[in-house]
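Good morning. I will go through one structure today, starting with a single residue and then moving out to the whole chain. Please have the view open while I talk.

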Amino acid sequence: MLTLAMVALSWGADIHVPVDQPTIVQALDVALAGDRIVVAAGNFCENVDVMVPGITIEGAGIGQTVIDGTCAAGLGVVSIQSGMGAITLSGLTIDGAYIYTDLVINEDTTVVATGVEFRHG
């Protein structure tokens, strides 16, 4: 007897910055767990606070997509809050502008950073 099981797989949606949302922060505001935020090349002067579990933030490449710490507040340019599970960062430059820590990771969170440059933090 052959039994087949159907498994429902769910992938998150892609949210493109600046096409779908003008900023990374605004993309995070509408993102759901597992979504991927795809950020075009450019300089993004933002304070990015990740509070969505399992999110991916993917840029166009080191030196091409820059999260600029000039507009940061608090401790870091990119802050990952507690209990977010696995967060993926790729193809980004995170620039602390000699003022802020580039990346702050809180407890119960894993960050996989591939092709990410941390600068001036």
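The side chain of aspartate 68 makes a polar contact with the side chain of asparagine 43, at 3.3 Å. Before I go on, note that this is a predicted model.

Where is aspartate 68? It is in strand 6, which covers residues 65-68. The side chain of aspartate 68 has another polar contact, with the side chain of threonine 70, at 2.7 Å.

Now to its charge. Which side chain of opposite charge is nearest to aspartate 68? That is arginine 119, 8.7 Å away. A salt bridge requires the charged atoms to be within 4 Å. Aspartate 68 is buried and has no salt bridge.

What does aspartate 68 touch, leaving out residues up to four places away in sequence? The list is Asn43, Phe44, Cys45, Glu46, Val77 and Asp95.

How many disulfides does a search of the whole structure find? It finds one. Cysteine 45 and cysteine 71 form it, with their sulfur atoms 1.9 Å apart. The pair links distant parts of the chain, 26 residues apart. Cysteine 45 is in strand 3, residues 42-45, while cysteine 71 is in the loop between strand 6 and strand 7, the latter being residues 76-80.

Why is this disulfide called right-handed? The torsion about the S-S bond of cysteine 45 and cysteine 71 is about 95 degrees, so the disulfide is right-handed.

Cysteine 45 has 33%, so it counts as partly exposed. Cysteine 71 has 37%, so it is also partly exposed.

Last, the chain as a whole. Its secondary structure comes to one helix and ten strands. The C-alpha trace spans about 65 × 30 × 25 Å along its principal axes.

Of the 121 residues in the chain, 38% are buried, and aspartate 68 is one of the buried residues. The accessible surface comes to about 6,600 Å², and carbon and sulfur atoms hold 57% of that. Among contacts with a separation of 6 or more, 54% are between residues 24 or more positions apart.

That is the end of my part.

Notes: Residues are numbered from 1 along each chain as its sequence is written. This is a predicted model: local features need pLDDT of at least 70, side-chain atom pairs count only at pLDDT 80 or more; totals for chains, interfaces and linings use all residues. Side-chain values use heavy atoms; hydrogens and water are left out. Helices (H or I, at least four residues) and strands (E, at least two) are DSSP runs, numbered from the N terminus. Buried means under 20% relative accessible area, exposed over 50%, partly exposed in between (1.4 Å probe, protein chains only). Lys and Arg count as positive and Asp and Glu as negative; His and the chain ends are not counted. A polar contact is a pair of N or O atoms within 3.5 Å; within protein, one must be able to donate a hydrogen and the other to accept it, and residues adjacent in sequence count only if both atoms are side-chain atoms. Contact means heavy atoms within 4.5 Å. A disulfide is a pair of cysteine sulfur atoms within 2.5 Å. Accessible areas come from the Shrake-Rupley method with a 1.4 Å probe; for residues, only the protein chains shown count as cover.
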